[in-house]
Amino acid sequence: ILIVCQTTEQSNMHLHASIGLVALVTSSTNLNCGSFSALAFTPIGTQSKCIKTRRSTSRVVGFSSSLNSDSKDAQEDKYDTAELMASEMEQARLSNQYARYSHDDWLRHRASDRFFANLFKFDKSPIVKNLLDEAAILAVICVGIILWNELLIEGWTDLNEVHHEAPLADLLPSALTFKLALPTEPFFLCGGPLGLLLVFRNDCSFGRYKDAFHHWEVACSSLGNMILMAASSGTSNVEGVKQLSAASWAVVRTLQHEVSGGFDTTYAEDLKKNMPDEQQVQRLLSARNKLHRSHYDVHRAVDAFSEDISNLDKRTIINTFNNVATACAECERLYMTPIPLLYTRHTLKFLTLWMAFMPFAFYDVFATSWNHTGMIPAICIICFLFFGIEEIAVSLEEPFSILPLNELVEEFQENAQETIEWMEEEHQAFTKEAPMGIEIKV
């Protein structure tokens with residue numbers, strides 16, 4: 001794609017070929033530069049290598065913007081973000097974060113009675129709570145269909161199973177006395193494509209969740225390895241390692257702040273509490289790009305004791321930090337770039353229309369039940385099943401609010417403090433065991 005896009009200046013034929021080729025691969029999510037939306041929108045914190053010349057790719061970018069035209073509608077929608085953050089759905093999302101499993105948790109997780117144990121825990125399911133409104137609307141549609149058909153068209157049956165004629169059949173003209181029912185064949189025909197859309201949607205969302213956790217662990221483990229390498233490199237500059245540890249913790253805490261949005265309200269307080277240099281804290285808080293500033297502070301911390309370590313050790317530390325910068329950029333990309341709205345909204349519209357018209361097809365299916373009332377619980381169950389799949393995809397699409405970031409940041413801080421304590425203990429032990437008359441440089 002990159003080669004074809006860069007040859008658009010030479011011939012209009014190449015331009016048409018590139019547009020057609022890009023149109024064929026818009027569903028791909030494994031391009032070298034990320035998803036196709038990266039061509040149209042360059043995420044903050046990442047440097048897209050796809051757009052090398054403005055002139056050669058401007059038309060392709062314009063074409064992709066038409067594919068993502070729904071994003072403008074999303075920006076025009078007005079919501080009270082404070083009200084949404086305080087909603088029961090978001091609070092339930094925060095309270096059902098990813099939890100690390102122990103041995104006992106795994107035993108309970110694969111217990112033989114897990115099927116029935118989880119079947120009736122509706123009150124603890126956030127998916128069920130979030131879909132009560134949709135289930136209620138579908139139940140009202142079912143009730144309206146039953147009342148229309150039985151009061152105006154077919155009649156109704158009492159508790160003694162005595163059939164009565166439609167009492168309101170003569171109130172409407174004959175042109176309006178039609179039965180509200182649909183055949184089931186169109187729903188079977190549309191069920192396959194809808195299932196594929198939902199499967200691909202959940203697969204993309206779970207991939208984002210998996211990538212977010214992976215990049216976050218890469219950032220934490222790489223920073224931890226930097227501190228270990230600095231502490232075990234033979235240097236006696238304990239204060240320099242402490243500064244590197246504080247700057248590394250600031251990177252992790254700032255990354256958490258950047259991907260948490262308005263839910264993170266203690267960022268400034270945590271920096272002032274855990275970082276010894278107040279001026280460094282003020283510079284970080286006043287920076288336009290706080291994450292980039294925290295990267296700068298790490299490089300300064302490495303230079304502070306670079307004279308005490310070899311150039312090879314310093315180069316190794318810098319190369320390790322490059323992995324951290326890449327992981328941070330990937331986390332920012334995942335947070336700022338959703339799955340293309342064209343795909344998400346089409347799937348949601350497809351599913352909504354499919355579920356909204358299904359009660360009309362269920363009316364004749366439940367003809368043997370009393371006044372067709374069996375369709376009401378059946379529709380509600382199907383609503384929870386199918387809308388629940390979409391709800392899971394939405395929950396996983398932005399994974400950072402369900403990841404235990406607080407625990408990961410605290411664990412990183414504890415590991416860094418233990419590393420410094422080990423270094424101080426070894427340095428004190430070496431000082432005590434040194435022979436008399438030998439000068440120890442500190």
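## An exposed glutamate and the basis of the model

Glutamate 161 is exposed, with a relative accessible area of 69% (buried means under 20% relative accessible area, exposed over 50% and partly exposed in between, with a 1.4 Å probe and protein chains only). The structure is a predicted model, in which local features need pLDDT of at least 70 and side-chain atom pairs count only at pLDDT 80 or more, while totals for chains, interfaces and linings use all residues. Residues are numbered from 1 along each chain as its sequence is written, and side-chain values use heavy atoms, with hydrogens and water left out.

## Positive phi values

Glutamate 161 is placed in the loop between β1 (156–157) and β2 (helices, H or I of at least four residues, and strands, E of at least two, are DSSP runs numbered from the N terminus). The phi angle of glutamate 161 is near 60 degrees, which is a positive value in a residue other than glycine.

A positive phi is also found at asparagine 371, a residue other than glycine, where the value is near 50 degrees. Asparagine 371 belongs to the loop between α18 and α19, and with a relative accessible area of 12% asparagine 371 is buried.

## Aromatic pairs

Six aromatic pairs are found in a search of the whole structure (rings of Phe, Tyr and Trp, the last by its six-membered ring, pair if their centres lie within 6.5 Å; planes under 30 degrees apart count as stacked, over 60 as edge-to-face and the rest as tilted). One of them joins tryptophan 148 and phenylalanine 178, whose ring centres are 5.7 Å apart and whose planes stand at 45 degrees, so the pair is tilted. Because tryptophan 148 lies in helix α11 (residues 132–153) and phenylalanine 178 in the loop between β2 (163–164) and α12 (185–231), the pair ties together parts that are 30 residues apart in sequence. Tryptophan 148 is partly exposed at a relative accessible area of 25%, and phenylalanine 178 likewise counts as partly exposed, at 40% relative accessibility.

Another pair consists of tryptophan 354 and phenylalanine 386, with ring centres 4.9 Å apart and planes at 55 degrees, so this pair is tilted. Tryptophan 354 is buried, its relative accessible area being 10%, whereas phenylalanine 386 is partly exposed at 26% relative accessibility.

## Salt bridges

The whole structure contains twelve salt bridges according to the search (a side-chain nitrogen of Lys or Arg within 4 Å of a carboxyl oxygen of Asp or Glu). Arginine 108 forms one with aspartate 105, where the closest N and O atoms are 2.4 Å apart; both residues lie in helix α8 (residues 103–109), three residues or about one turn of the helix apart. At 56% relative accessibility, arginine 108 counts as exposed. In a further bridge, between lysine 242 and glutamate 239, the closest N and O atoms are 3.8 Å apart, and because these residues are three apart in helix α13 (residues 238–260), about one helical turn separates them. Lysine 242 is partly exposed at 31% relative accessibility, as is glutamate 239 at 48%.

A salt bridge of 3.1 Å, N to O, brings together the side chains of lysine 314 and aspartate 303. Lysine 314 is part of helix α17 (residues 311–336) and aspartate 303 of helix α16 (residues 290–304), so the pair ties together parts that are eleven residues apart in sequence. Lysine 314 counts as partly exposed at 24% relative accessibility, and aspartate 303 as partly exposed at 41%.

## Surface patches

Phe115, Phe116, Leu119, Phe120 and Phe122 make a nonpolar surface patch of about 630 Å² (patches are made of residues with over 30% relative accessible area and no salt bridge, like charges being joined within 9 Å and nonpolar side chains, namely Val, Leu, Ile, Met, Phe, Trp and Tyr, within 5 Å; accessible areas come from the Shrake-Rupley method with a 1.4 Å probe, and for residues only the protein chains shown count as cover). Phenylalanine 120 is located in the loop between α9 (114–119) and α10 (126–130) and is exposed, with a relative accessible area of 60%.

A negative surface patch is made up of Glu407, Glu410, Glu414, Glu418, Glu421, Glu425 and Glu426 (Lys and Arg count as positive and Asp and Glu as negative, with His and the chain ends not counted; the place of a charge is taken as NZ of Lys, CZ of Arg, CG of Asp or CD of Glu). Glutamate 410 lies in helix α20 (residues 405–433), and at 47% relative accessibility glutamate 410 counts as partly exposed.
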